[in-house]
Amino acid sequence: MPWSILTYLRNNPEILKESLRKRGMDESLVDKARQLDEEWRKLKRMVDEIRHQHNLITRSIAKAKDDKERRKLIEEAKKLLRTREELEQKLKIIEEERQRILLSLPNIVHESVPVGFSDDENVPIRFWGKPRVYREYLDKFKEQTEKWGFKVDYELIDWKPVGHADMLEYVLRLGDTQKAAEVAGSRFYYLFDDIVWLDFALLLYAIDRLTAKGYKLVLPPYMLRHRIMMGVVDLETFKDAIYKIEDEDLYLIATAEHPLAALYYNEEIMEDELPIKLVGISPCFRKEAGAGNRDLKGIFRVHQFHKVEQYVFAKPEESWDIHEELIRNAEELFQGLGLPYRVVNVVSGELGAPAAKKYDLEAWMPAQGKYREMVSASNTTDWQSYRLNIRLVRRKGMEREYVHTLNSTAIASTRTITAILENFQEPDGAVTIPKVLRKYLEPFEKAPKEAIYPAERRK
């Protein structure tokens, strides 16, 4: 069972209840599952006993003294068989309901996760970089740093940076969300010329750095079947965020994490093959149905974007070290770009069902005066692998258990572009291109080389 959940349910249900309380969820689900499990075990004992009796009677038929005794034994065997079939049908119904509840339970919250129910309660654990801070946002900046006991060096500026949405559409004139909204709806966009080059440079940069670390490059399917989507997310909760193909058993992926998780669906992985480290690149499609009116302008929160994703299959005893590795990889990428950021330990109520623990990397956004999420790195332990039936086979004794899986954003292109537009703009409207990206642009004649200039200067 997932993360030995049945063992917890039977021997220490308080662990499950405590995890649900930390997430702000109804702990009565555990009591319901426990009640069903007790009914299931009682019925299972009855079915096993009747099966045993049926086997004994069946074997005794051949030894019957006469036809009368034989007919009596046959009738008894038929009666037991009918009773067993009725009980097995009840057993199946109870087992399915128990399984439905167990599958609805989120992962068990790791002990190091802070308890809370709002993003505002996420706990910063480290900061990097020297942010530009607009003078009028200094108090907001200190609220996000010094409140948590950190002393972060910053550059105070007297000019207010232009927000990424206005930079994109009105200063650079390299994006058009209004026309996209007209033809496709809100949260879609057109990008042009230099911003498109920048998008692909970011993707190549992340791929280059991660493959150099030994991560295997994967171009995954962009659609998955319902059975697989149920294995990688809590589909009941997540369904409003996913696009479904009409009249097809297919969903558009919201991240490469999902098809990467399914790469070993219904398979066994030998112990000496682990860890398996993958880097996937794909478009991502999200309804953002729960986003309300947040970030309606610009390309920060959109329905489609490109992303490079890290994904690892690991032995359980190694997964927590690998979780730290994944967030460090993302930090190295953002340090290379020169984007100031902080890493936060996400509170229990904001983890999402698959994660036992999650880090977010949040870049400083000078025009907004706040840190905004760019990366999420999660250890999902064996929550996904149980649902996808991906087992680890130990060499010694060939024991089988569920592998641990982990995922982390490397680069989400449009969000990273918004951070670049705000952090590297100059008072004259030009945007400096991070040096690490320039080698990916240099071979192309029409690509920008050192900066992206306002529309008036490009004429």
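1. A polar contact is a pair of N or O atoms within 3.5 Å. The model discussed here is predicted, and the points below go from the overall picture to single residues.

2. Overall form. The protein has 459 residues, and 52% of them count as buried. Its secondary structure amounts to 16 helices and 19 strands. Along the principal axes, the C-alpha atoms fill a box of roughly 105 × 45 × 45 Å. Of the contacts between residues at least 6 apart in sequence, 72% join residues at least 24 apart.

3. Helix H4. This helix runs over residues 67-104, which is 38 residues. From first C-alpha to last, H4 reaches 55 Å, close to the 56 Å expected at 1.5 Å a residue. Its buried residues include Leu73, Ala77, Leu80, Arg84, Leu87 and Leu91. An α-helix has 3.6 residues a turn, so residues three or four places apart point the same way. The buried residues of H4 pack against helix H1 (5-11), helix H3 (28-61) and helix H13 (383-388).

4. Lys65 lies in the loop between H3 and H4. Is Lys65 buried or exposed? Lys65 has a relative accessible area of 75%, so it is exposed. Between the C-alpha atoms of Lys65 and Arg51 there are 24 Å, with 14 residues separating the two along the chain.

5. Thr255. This residue is in the loop between strand E8 (251-252) and helix H11 (257-261). Thr255 counts as buried because its relative accessibility is 4%, and buried means under 20%. Which residues does Thr255 touch, not counting residues up to four places away in sequence? They are Ser282, Cys284, Arg286, Lys307 and Glu309.

6. Tyr359. Strand E13 (residues 357-365) holds Tyr359. Tyr359 has a relative accessible area of 4%, so it is buried. Leaving aside neighbours within four places in sequence, the contacts of Tyr359 include Ile125, His323, Glu324, Ile327, Val343 and Val375. The side chains of Tyr359 and Lys357 are joined by a polar contact of 3.2 Å. The C-alpha atoms of Tyr359 and Tyr440, 81 residues apart along the chain, are separated by 29 Å.

7. Helix H12. Residues 319-337 form helix H12, with 19 residues and a reach of 28 Å from first C-alpha to last, close to the 27 Å expected at 1.5 Å a residue. Its buried residues include His323 and Ile327, and both of these are also in contact with Tyr359. Gly338 follows H12 and has a positive phi, near 80°.

8. Helix H8. The 20 residues of H8 (residues 193-212) should span 28 Å at 1.5 Å a residue, and the end C-alpha atoms are 29 Å apart, which agrees. Among the buried residues of H8 are Asp194, Ile195, Leu198, Asp199, Leu202 and Tyr205. Just after H8, Gly214 has a positive phi of about 100°.

9. Backbone points to check. Most residues other than glycine have a negative phi, and most peptide bonds are trans. Arg173 is not a glycine but has a positive phi of about 55°. Arg173 is in the loop between helix H6 (164-171) and strand E4 (175-176), and at 42% relative accessible area it is partly exposed. Arg187 also has a positive phi, near 70°. Arg187 lies in the loop between helix H7 (177-183) and strand E5 (190-191) and is buried, with a relative accessible area of 7%.

10. A cis peptide bond. Which residues does the cis peptide bond with omega of about 0° join? Leu274 and Pro275 are the pair. Pro275 is in the loop between strand E9 (268-270) and strand E10 (276-285).

Definitions and conventions
Residues are numbered from 1 along each chain as its sequence is written. Side-chain values use heavy atoms; hydrogens and water are left out. Helices (H or I, at least four residues) and strands (E, at least two) are DSSP runs, numbered from the N terminus. Buried means under 20% relative accessible area, exposed over 50%, partly exposed in between (1.4 Å probe, protein chains only). Contact means heavy atoms within 4.5 Å. The expected span of a helix is 1.5 Å times one less than its number of residues. A polar contact is a pair of N or O atoms within 3.5 Å; within protein, one must be able to donate a hydrogen and the other to accept it, and residues adjacent in sequence count only if both atoms are side-chain atoms.
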